[in-house]
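Visitor: Please show me the structure, and then guide me through some of its local features.

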Amino acid sequence: MANEQRAAAHAAGGGLDRRDFLRGAMAAAVAGTGAALSSHARAQAQPEDARTPGREFLISGGHVLSMDRNVGDLPEGDVHVRDGAIVAVGRKLSAPGAQVIDARGMIVMPGFVDAHSHLWNAFLRGSVRGDDPLRGYFPTTNRAAPLCTPDDAFHSVRFGLMQELLSGVTCLNNFSHNTRSVAHADAEIRAALDVGARTRFSYGTPGRGERLDLAGVKATLAKWGRADPRLRLGVNLQLPTPAVLKAGGSDETFVGEVRASRELGLPISLHYGDTAHGLVGLMDRSNLLGPDILMIHTQGFTAAERELMVKKQVQFSMSPAIEIPYSTVRNGYIQFAELEALGASLSLSVDASSALATGDFFTVMRALLWAHKQRADVDRKLEPRRIVEIATLGGAKVLGMDDIIGSLSAGKQADIILVRKRDINMAPVIDPYYSLVYSGMPANVDTVMVGGRVLLQGGRHATLDVQEVADLAARAGSTMHERLEGIISNSKENLGDLNRKG
């Protein structure tokens, strides 16, 4: 009944908070799909370190960027962490018995949040050649997708996520648009838990023309819905065809998938692009716009569409490091200025590290700055502090997690990174926001903590051998590359079709 009431409130256009919207639907969904796992099943699904209380830390003497307006910035501050959560943020805190992490000479801040990445194809980085018509991102991933095994997905996700963890990303929305089976979903989820980051696994479809496997989604929800506090679930959906959207029609399958996902309490990630014009109108006519929708790629919207989506509390993610070289010509400029003026909920994302050839989140922040400064038709003022806010608290908000992460606030989860200020490319740091955006690199990230667990310290992972993760992914990528080259040599495939977005 609670879920039905929330759905009715949404249909009536009520001011429903994003977290309330998702919490109510998820509670009903977990009960309805049998996700209340037995204690034995939970023990099997949940890693040991996720079930035991975290240690107590005092991060001492760092330059704290809290991203909490009530706390502010502390040039010499402390963060007290106990059992995975932040106890206090302040100056000269006392925490008898706590392990002290000396943060002098470092920036202490919440981890970055990547609102959208396709980790299943990270291992194809060596095979992708920009937008080359034969070996570019789309032809390469379209060829590789049906060949990708659960083992490939496991190694690729660990590889891609480890790259981002090393650049300070503590939370990521894994937009898995090649979920070929429940086994593939299991492999991607296991890989993320292995690395230790906080993730949303967005269950998708295995290719163009395929529709969401709701049975597979429900099976994944039943197995993993309560398995680990670092894991949340969502979906990503194939859009209606361009012909349907252009004609102003409807797609009952798409509409049904949105409604079914919403009934399961699963947030929805959608790609927008040059073939998606008309999508906003279709969704509005079917009353599908809402705070659980994450619209990815802020390009090509009309002014009326922007205003409507912001009014309906739709979430947005920009992937400027990908959008600048790949899609600006066909999709239009990144509409940051217009959405910012409307007070939209904005975030940043890597998109595809295979195409970008890096999982560096500092590059993503800089790319937003570059994209914005290139526009002469808008007020071009964009402060580095605002970029860092979008990269942390903004990302947490669009994923519905700003109540637990995104800022250094008492009661929130301890997803924290320490960035060295004295490194040759950073020093001297006068304005830490400026230095992070203009000068920061993954090599400057010293420590990464997720839920109070130290995953990286001095660039070394606490439980995984980073080189081994890279070697195993490289081996899988090289094997796949040989298969792809064989396909190119022996087939007469339609290259125009392969270059369509998958």
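**Burial, loops and cores**

Guide: Helix α5 (residues 137-144) has eight of its eight residues buried, so it is largely enclosed by the rest of the structure. Buried means under 20% relative accessible area, exposed over 50%, and partly exposed in between, with a 1.4 Å probe and protein chains only. Helices (H or I, at least four residues) and strands (E, at least two) are DSSP runs, numbered from the N terminus. This is a predicted model, in which local features need pLDDT of at least 70, side-chain atom pairs count only at pLDDT 80 or more, and totals for chains, interfaces and linings use all residues. Residues are numbered from 1 along each chain as its sequence is written, and side-chain values use heavy atoms, with hydrogens and water left out.

Visitor: How many disulfides does the structure hold?

Guide: A disulfide is a pair of cysteine sulfur atoms within 2.5 Å. By that criterion, the number of disulfides in the structure is zero.

Visitor: Is Cys 171 buried or exposed?

Guide: Cys 148 has a relative accessible area of 4%, so Cys 148 is buried. For Cys 171 the relative accessibility is 0%, and therefore Cys 171 counts as buried.

Visitor: Where is Lys 92 found?

Guide: Lys 92 is not a glycine, yet its phi is positive, at about 50°. Because its relative accessibility is 78%, Lys 92 counts as exposed. Its place is the loop between β3 and β4 (99-102).

Visitor: Is Asp 83 exposed or partly exposed?

Guide: Asp 83 is in the loop between β2 (73-82) and β3 (85-90). Its phi is near 50°, a positive value in a residue other than glycine. With a relative accessibility of 48%, Asp 83 counts as partly exposed.

Visitor: Which residues touch the most other members of the largest nonpolar core?

Guide: A nonpolar core is a set of buried Ala, Val, Leu, Ile, Met, Phe, Trp, Tyr and Cys residues joined through side-chain atoms within 4.5 Å. In soluble globular proteins, nonpolar side chains tend to be buried together. The largest core here has 113 residues, and those touching the most other members are Met 295, Phe 316 and Leu 348.
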